[in-house]
Amino acid sequence: MIWEQLQDLIRSYPLALRGLGMTVMLSLISLVLGTLLGFGLGVLRATGNRFISAAIGTWVDLIRGTPFLVQIFLIFFILPELGVELDAFTAGIIGLTNLAACFICEIVVAGIRAVPKGQIEAALASGLSLWQRMRQVVLPQAMRVVLPPLVGQYVLLIKDSSVVSAIGLTDLTRVGWLAVQRVPNGLLVFAIVGVGYFLVCYPLILLARRLERRMSAAHGEVKL
Amino acid sequence: MLENFSFRTIVEYLPLFGQGLVATVWLSLVSFVGALAVGIVLCAMNLQRGRLLQAPAKIYIDAIRATPLLVQLYFLYFGLPRLGIILPEFVVGILALALNSGAYLAEIIRAGILSISRGQVEAGVASGMTYVQRMRLVILPQAFRVTIPPLLGQAIVLVKDSALLSLISVAELTRAGQLLASDRFMPAEGFITTAACYLVLYYGLKGLAGLSEWWLGLRPMGSRA
């Protein structure tokens with residue numbers, strides 16, 4: 001019985017591969033865009049004037065305070081009413097990029113605040129412009145603090161991409177949902193789907209752990 | 001079409017959102033208590049020296065952390081009936097949330113326990129305390145203190161995660177928004193109201209987390225988080 005179901009599922013591997021490809025594509029595009037946007041927002045929030053900083057902070061709070069599923073529904077069902085036509089993939093990219101930017105913004109802000117004040121004062125005294133200060137003094141040092149949680153955040157975002165299946169995008173989760181209508185064995189189907197995500201996420205989890213160990217070792221902290 | 005934004009319809013549906021809010025709160029609460037139980041057991045297993053208990057806990061935590069909650073939810077929702085276990089949707093939802101958050105809580109509790117300096121443990125040993133006494137009287141009270149704020153952080157994540165239960169048709173906040181959206185073709189009204197309700201919960205829990213940090217003496221009142 002299980003053997004036949006497994007064979008049935010194996011025969012539909014092109015669909016599964018397409019789903020996995022969709023998940024990877026959606027995550028990759030959103031993570032690249034979200035990282036760029038997140039770093040921009042983070043620098044603005046940490047160095048901009050109070051008004052800009054407060055505006056970004058409020059937006060980040062609104063996004064962090066609501067479920068991603070609700071955000072996806074808002075984007076997918078309301079943007080068309082405003083005259084923007086979009087499909088599930090575009091809605092997913094917009095939603096996931098925005099989510100990534102907001103979380104990464106907070107990580108970057110924490111990283112910038114962790115750089116000792118003296119460093120910034122020294123850069124100021126050396127006559128460096130804001131851009132030079134950021135690029136040559138602050139960000140390289142902030143990266144030590146930023147990198148481990150950044151990779152951890154990537155894992156969370158890749159997993160969050162599964163939520164986009166709720167608006168009908170045929171990603172890996174949606175493929176599982178479709179398969180289970182045909183092969184009535186949820187344990188088998190979603191175990192396979194889970195393995196797909198595991199293959200993508202687990203290497204990143206290991207990388208995050210490694211970075212964390214290395215960073216705390218570099219700071220002379222002893223980990224028990 | 002947003003110029004026709006209908007506050008009257010929202011007011012009409014307010015009782016439904018009220019029920020949804022209550023449902024989200026108690027579903028999250030029950031799940032969080034379950035997650036604490038799962039987390040404590042996993043953490044205790046993980047801190048043992050022997051591999052026999054440590055390995056399963058580590059594998060479980062990694063498996064949960066590397067797969068999406070939605071997939072875990074579907075695994076239980078479509079999988080349990082297969083084993084002959086027929087449960088109401090909301091029970092499946094609570095189970096999924098507790099099993100998922102438990103893995104994260106285990107790591108939070110572990111970090112709290114490991115943050116206690118070795119000297120404390122050694123002082124306990126030198127005072128002739130048994131393992132249980134050391135845990136109960138020295139380590140856990142101190143670990144508890146540093147663990148409260150991240151526990152509240154995970155509670156915020158859990159409340160937001162509970163929105164996924166609407167996908168297996170559990171009647172909660174997001175479901176209320178979906179109903180308004182589909183009954184009246186008013187997605188804006190439905191989902192903005194839903195989002196507003198979640199924000200109330202979010203700011204409440206966030207305030208509580210800030211308060212707890214101040215109360216536990218982890219940071220002075222009014223300083224930046």
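Predicted model: local features only at pLDDT ≥ 70, side-chain atom pairs only at ≥ 80, totals over all residues.
A nonpolar core, as the term is used here, is a set of buried Ala, Val, Leu, Ile, Met, Phe, Trp, Tyr and Cys residues joined through C-beta atoms within 7 Å.

Let us begin with chain A. It holds 9 helices and 0 strands, so its elements read α-α-α-α-α-α-α-α-α from the N terminus on. Taken along the principal axes, the C-alpha atoms of chain A fill a box of roughly 75 × 50 × 25 Å. Of its 224 residues, 39% count as buried. Among the contacts in chain A with a separation of 6 or more, 78% join residues 24 or more positions apart.

The UniProt record, an unreviewed entry, annotates "transmembrane region" over residues 20–44, 56–79, 91–116 and 187–208 of chain A. Two of these spans can be set beside the model. Residues 56–79 of chain A are 83% helix and 0% strand, with end C-alpha atoms 22 Å apart. Residues 187–208 of chain A are 100% helix and 0% strand, and there the end C-alpha atoms are 29 Å apart.

Now turn to chain B. Here you will find 8 helices and 0 strands, in the order α-α-α-α-α-α-α-α from the N terminus. The C-alpha trace of chain B spans about 75 × 50 × 25 Å along its principal axes, and 39% of its 225 residues count as buried. For chain B, residues 24 or more positions apart make up 73% of the contacts with a separation of 6 or more. An unreviewed UniProt entry places the annotation "domain: ABC transmembrane type-1" on residues 21–210 of chain B. That span is 81% helix and 0% strand, and its end C-alpha atoms lie 23 Å apart.

With both chains in view, we can look at the core. The largest nonpolar core has 110 residues, and those with the most contacts inside it are L69(A), I72(A), I104(A), C105(A), V108(A) and Y74(B). Helix 5 of chain A, residues 88–113, gives the most to this core, with 14 residues. Of the 26 residues in helix 5 of chain A, 20 are buried, so this helix is largely enclosed by the rest of the structure.

L173(B), T174(B), R175(B), A176(B), G177(B), Q178(B), L180(B) and A181(B) are its buried residues. What do the buried residues of helix 7 of chain B pack against? They pack against helix 4 (68–78) of chain A, together with helix 1 and helix 8 of chain B. After helix 7 of chain B comes F185(B), whose phi is positive, near 55°.

Our final stop is helix 6 of chain B, residues 131–161. A straight helix of 31 residues would span 45 Å at 1.5 Å a residue, but helix 6 of chain B spans only 37 Å between its end C-alpha atoms. Look for a kink of about 45° at I139(B), shortly before the proline P141(B). The buried residues of helix 6 of chain B include T147(B), L151(B), Q154(B), K160(B) and D161(B). Among the elements that cover the buried residues of this helix are helix 1 (7–46), helix 3, helix 4 (89–114) and helix 8 of chain B.

Technical notes: Residues numbered from 1 in each chain as written. Chains lettered and ligands numbered in written order. UniProt positions renumbered as here; feature names shortened; annotations may be inferred. Helix = DSSP H or I, 4+ residues; strand = E, 2+ residues; numbered from the N terminus. Buried ≥ 20, exposed ≤ 12 C-beta atoms within 10 Å, placed from the backbone. Contact = placed C-beta atoms within 7 Å. Expected span 1.5 Å × (residues − 1). Bend = angle between axes of the 7 residues up to and from the residue.
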